[in-house]
Protein chains: 2
Amino acid sequence: MRITIKDIAKKAGVSPAAVSKALNGQPDIGEATREKILRISRELGYTPNIIARNLVMKGNKTLGVLIPDISTPIYPVIFQGINERAGKYGYTLLLADTGRDLGNERKFISTMMENRVAGLMVSPVSNDVSHIEEAVRNQIPIIYFGGKVNDGMEDYVGVDNYHGALLAVSHLTGLGHRRIVMICDDLNTKTRFDRVEGYRKGMEEKGLAPDVFVDDEGLKGRECGMAAMTRILRGRREIPSAVFALNDLMAIGAMEALDGAGLRVPGDVSVVGYDDIPFASLPMIGLTTVWQPKFQIGETALEQLHQRLKGDGGRGNHKTILQPELRIRTTTGPV
Amino acid sequence: MRITIKDIAKKAGVSPAAVSKALNGQPDIGEATREKILRISRELGYTPNIIARNLVMKGNKTLGVLIPDISTPIYPVIFQGINERAGKYGYTLLLADTGRDLGNERKFISTMMENRVAGLMVSPVSNDVSHIEEAVRNQIPIIYFGGKVNDGMEDYVGVDNYHGALLAVSHLTGLGHRRIVMICDDLNTKTRFDRVEGYRKGMEEKGLAPDVFVDDEGLKGRECGMAAMTRILRGRREIPSAVFALNDLMAIGAMEALDGAGLRVPGDVSVVGYDDIPFASLPMIGLTTVWQPKFQIGETALEQLHQRLKGDGGRGNHKTILQPELRIRTTTGPV
DNA sequence: AAAAATAACTTAAACGTTTTAGTAAATTCT
DNA sequence: AGAATTTACTAAAACGTTTAAGTTATTTTT
């Protein structure tokens, strides 16, 4: 049995209230008794039961974090951002990986609510978060982040995908490229949509015709990039001089296809990705890509939640949009 | 204010005890009242307060997980193994990233104890876990895992590094290699030591002279691999025909150095890594390496903790050693 | 020296549950 | 019909804390 305040009280010959006060450094307790209590508590190896304390004090310092797939390279870093700030403010984190499964998301949200987290930070599985809102019922603050955020949400921290794509395309046009194709898996999230729009804008600014190739056969990542690139290479009269991929994995896939077709990167065609996942920076790959402020996303999300928790706790309707940065490496060059 | 059993009781005109029974499907409650209570509880959007329940029932279903750095590619997958099994058994996970900092490790261990987790799974920052044992005082079960486990620990799940290295070296000798050098950053963990021993054994079995190059100038990962390889290329009369690196990042570094020296992989020298981090399998890299059963480490750790929690909860002194597998790709070839 | 103030405690209620023991009413038994 | 049993509840204690209010004994004030 773990030892409690009562055990200390008994051993010290005082009341539990006295122990509580001594332990919390409150005033009305004598120096001698205080020291005695502290000594005994140390001897017995007492650890305060925070959850019992929270019960009476109301309010606790646990936050829930929901992530669709922690092994997707962006999330560990976001979590570290959250974790760091959480440590700073004394929060403890309940983390669950939903595995991109809506049922799991539902289940974990309930678990978190039952565990009386003070607030939630969720990177939702799907664009539709109505079941989350319903379960939470505005009882605690919630912040959304990640790839499935959209303008309809009340509070989220996101990244300016439009601007990120614009950066990528401007880089390419600046190098003299005119036939730039964008490859994409599907278009069913706002994140993807914004990147496409940014690309369109970047092209139109230079008077170039946008050319978006969507491969929505259900493939993802490398395989999708490879399939898309292969089909582009086969189907067109002129091959593009540059490719802008929806994400780094697709960019890698495209590079594989180019390699397979005997084309050199960036000699024959330049490639730009999006995300800056860890291996993008490996010298063997050297992918030019759009970096996301991952750590900062986590920090900001926690910071906002913290502010709301300190304040009224209501919906803040705070949408924070962070800015991505272009990382120029070796897969892009002059046309 | 979140609504409680009392609120439901008041609205239904019954006692809190009746509500509790109805909600938990206990027998001695009338059908009519049960339905009324259930209806009202649904209407009010009641969510049980699990932590209040745990207080009276004793024992809870929260486990603590401590990880040194969640952005190190192996950990997300381990966490998913833990997470999956946790969901299955109804555990909730408190996760903290210690950032490889001993002070943080201490702090988070206390936090977890104060939050009355039922058990702990920790991948320690250092080989010495005495401060953890001291804080935990055998009050709850604990399982160690990760890179800093050693035989002195009472309960851990680890990987057979000795055998993993043996696999790597046998592969190389099987291809006809005789001058195989192992490169290593330092030798201060059992994990590293075991890999070196496995390498030694593999060499000696074939009557070859082991050749371990330790670069302990404080460099890590790619930089260390590059530095080590560069020095080997400069300092020896005969260059080795194969390199076995302590880990994948060092292998990548070594490949960079080889490339810089105009040597082809695997034409001139074969390279084997260890860990099988995600990009090892990219076709551009195609690193032959030793894979670790990451997901299974997580699963096993949770499974063992669960068994102990169901049982006596005492030290199990269970050491589970999982087996690694060789992943042969394109950086190795016949001499 | 009596009254007032202060120091150092203790008592008891509260937080949101569960559960044991108790109770009144309805039903079954003989 | 009266006793015994069952049904459907309620009362109260418990879990480990905190805290407002109460109680002594001691010190200070006048």
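**Close-up views of a two-chain predicted model**

View 1. B:Gly267 counts as exposed because its relative accessibility is 58%, the cut-off for exposed being over 50%. The structure shown is a predicted model. B:Gly267 lies in the loop that runs between α11 (248-260) and β9 (270-272) of chain B. B:Asn150 is 117 residues away from B:Gly267 along the chain, and the C-alpha atoms of the two residues are separated by 38 Å.

**View 2. A buried glutamine in a loop of chain A.** The loop between β10 (289-291) and α12 (294-310) of chain A contains A:Gln292. With a relative accessibility of 6%, A:Gln292 counts as buried, since buried means under 20%. The side chain of A:Gln292 makes a polar contact of 2.9 Å with the side chain of A:Asp275. When neighbours within four places in sequence are left aside, the residues in contact with A:Gln292 are A:Ile74, A:Val159, A:Arg195, A:Tyr274 and A:Asp275.

View 3. Helix α8 of chain A covers residues 161-174, which is 14 residues. At 1.5 Å a residue the helix should span 20 Å, and the distance between its end C-alpha atoms, 20 Å, agrees with this. The buried residues of α8(A) are A:Asn161, A:Gly164, A:Ala165, A:Leu166, A:Ala168, A:Val169, A:His171, A:Leu172 and A:Thr173. A:Gly176 follows α8(A) and has a positive phi, near 100°.

**View 4. The interface between chain A and chain B.** In this interface, 52 residues of chain A are in contact with 52 residues of chain B. About 4800 Å² of area is buried between chain A and chain B, and carbon and sulfur atoms give 60% of that area. Between chain A and chain B there are zero salt bridges, while 20 residue pairs, both residues at pLDDT 80 or more, are in polar contact.

**View 5. The side of chain A that touches chain B.** At least two residues of this side are supplied by each of the following elements of chain A: the helices α3 (31-44), α4 (50-57), α5 (74-89), α6 (102-114) and α11 (248-260), and the strand β2 (92-97). Sorted by class, the side of chain A that touches chain B has 27 nonpolar residues, 13 polar residues and 12 charged residues.

Note on methods
Residues numbered from 1 in each chain as written. Chains lettered and ligands numbered in written order. Predicted model: local features only at pLDDT ≥ 70, side-chain atom pairs only at ≥ 80, totals over all residues. Heavy atoms only, no water. Helix = DSSP H or I, 4+ residues; strand = E, 2+ residues; numbered from the N terminus. Expected span 1.5 Å × (residues − 1). Buried < 20%, exposed > 50% of the residue type's maximum accessible area, 1.4 Å probe, protein only. Contact = heavy atoms within 4.5 Å. Buried area = accessible area lost by both parts, 1.4 Å probe. Salt bridge = Lys/Arg side-chain N within 4 Å of Asp/Glu carboxyl O. Polar contact = N/O pair within 3.5 Å; in protein donor to acceptor, adjacent residues only side chain to side chain. Nonpolar A, V, L, I, M, F, W, Y, C, P; charged D, E, K, R; others polar.
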